[in-house]
Amino acid sequence: MARPVIAITGPQHGAIGPRLLVAMAIRLYGGNPLQLRPGDEQRDLEYHGVVVTGGHDVEPVLYAAEPEIEPNYDTARDALEIAVINDALERKLPLLGICRGNQLLNICRGGSLHQELRSRRRQTSNRWTILPIKTLCITAGLETGNSVLAALFGHGRSRINSLHNQGIDRVGDGLVVTGHDLDGIVQAIEDPSRDFLLGVQWHPEFLLYMRRQRALFKEVVRHAKTRKEHIDGLKY
């Protein structure tokens, strides 16, 4: 059986390292990575799962807010990833949002963002690092009894990295917070009504040496395989 295709979104230029690491993880678990860049949303592409990667801040006009910080936006990339996220939502494809991907997923569901986090930190550093020196508190399943993150990581605390300026403020429709840091800043959101719709604020592609972090990509591929089998079954 052909491998499921996993769309990996990114900017027109740059971010080569993170996208290659995501692609490597997808291949490791039997998926076929498809790199998408601005403009590709206009093409007729077939994919069975999505990973929306990290990068530039999300433009605040997308959640009806005025800019509060020096702009560092990528409008073309926003358009691509919003189109891909909405397509995945409509077709019920498994989706993993990483950092800005997590934030865009929240916006597509009607949520909003904090445009800066430095002033909101009390117990955690504002330092950017790919090393797992920050704490993830997993609250998954307490309200819903159903969480992908809790199933993969277990309840309690885990170690994560941090490479973000912004974070989730108002949570989007149908999403629940399943992880936060020691300052209460949202680190994970899920839709418990979907098989796999998960956003994480950290960068698991830099932590592939950790089994729990690899498991996020393993689950994307596993659910994409199931989705592909369903789609293929409808063709015959």
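Student: How much space lies in the largest cavity?

Tutor: This is a predicted model, in which local features need pLDDT of at least 70, side-chain atom pairs count only at pLDDT 80 or more, and totals for chains, interfaces and linings use all residues. Residues are numbered from 1 along each chain as its sequence is written, and side-chain values use heavy atoms, with hydrogens and water left out. A cavity is a set of points, on a 1 Å grid over the protein atoms alone, where a 1.4 Å probe fits but cannot get out, and its volume is the space filled by probe spheres set on the points, which are joined across faces, edges and corners. For the largest cavity that space is about 50 Å³.

Student: Why is helix 3 described as largely enclosed by the rest of the structure?

Tutor: Helices are DSSP runs (H or I, at least four residues), numbered from the N terminus, and buried means under 20% relative accessible area, exposed over 50%, partly exposed in between (1.4 Å probe, protein chains only). Helix 3 spans residues 100-108, and it is largely enclosed because eight of its nine residues are buried. Those buried are Arg 100, Gly 101, Asn 102, Gln 103, Leu 104, Leu 105, Asn 106 and Ile 107.

Student: Which residue forms a salt bridge with Arg 100 at 2.7 Å?

Tutor: A salt bridge is a side-chain nitrogen of Lys or Arg within 4 Å of a carboxyl oxygen of Asp or Glu. In this pair the closest N and O atoms are 2.7 Å apart, and both residues are buried. Arg 100 lies in helix 3 and its partner in helix 2 (residues 75-91), 22 residues apart, and that partner is Asp 78.

Student: What is the relative accessibility of Glu 81?

Tutor: The side chains of Glu 81 and Arg 100 meet in a salt bridge (2.9 Å, N to O), a pair that links distant parts of the chain, helix 2 and helix 3, 19 residues apart. Arg 100 is buried, with a relative accessible area of 1%. Glu 81 also counts as buried, because its relative accessibility is 0%.

Key. On a 1 Å grid over the protein atoms alone, a cavity is a set of points where a 1.4 Å probe fits but cannot get out, and a pocket is an open set with protein on both sides within 12 Å along at least five of seven lines; lining residues have an atom within 4 Å of a point. Helices (H or I, at least four residues) and strands (E, at least two) are DSSP runs, numbered from the N terminus.
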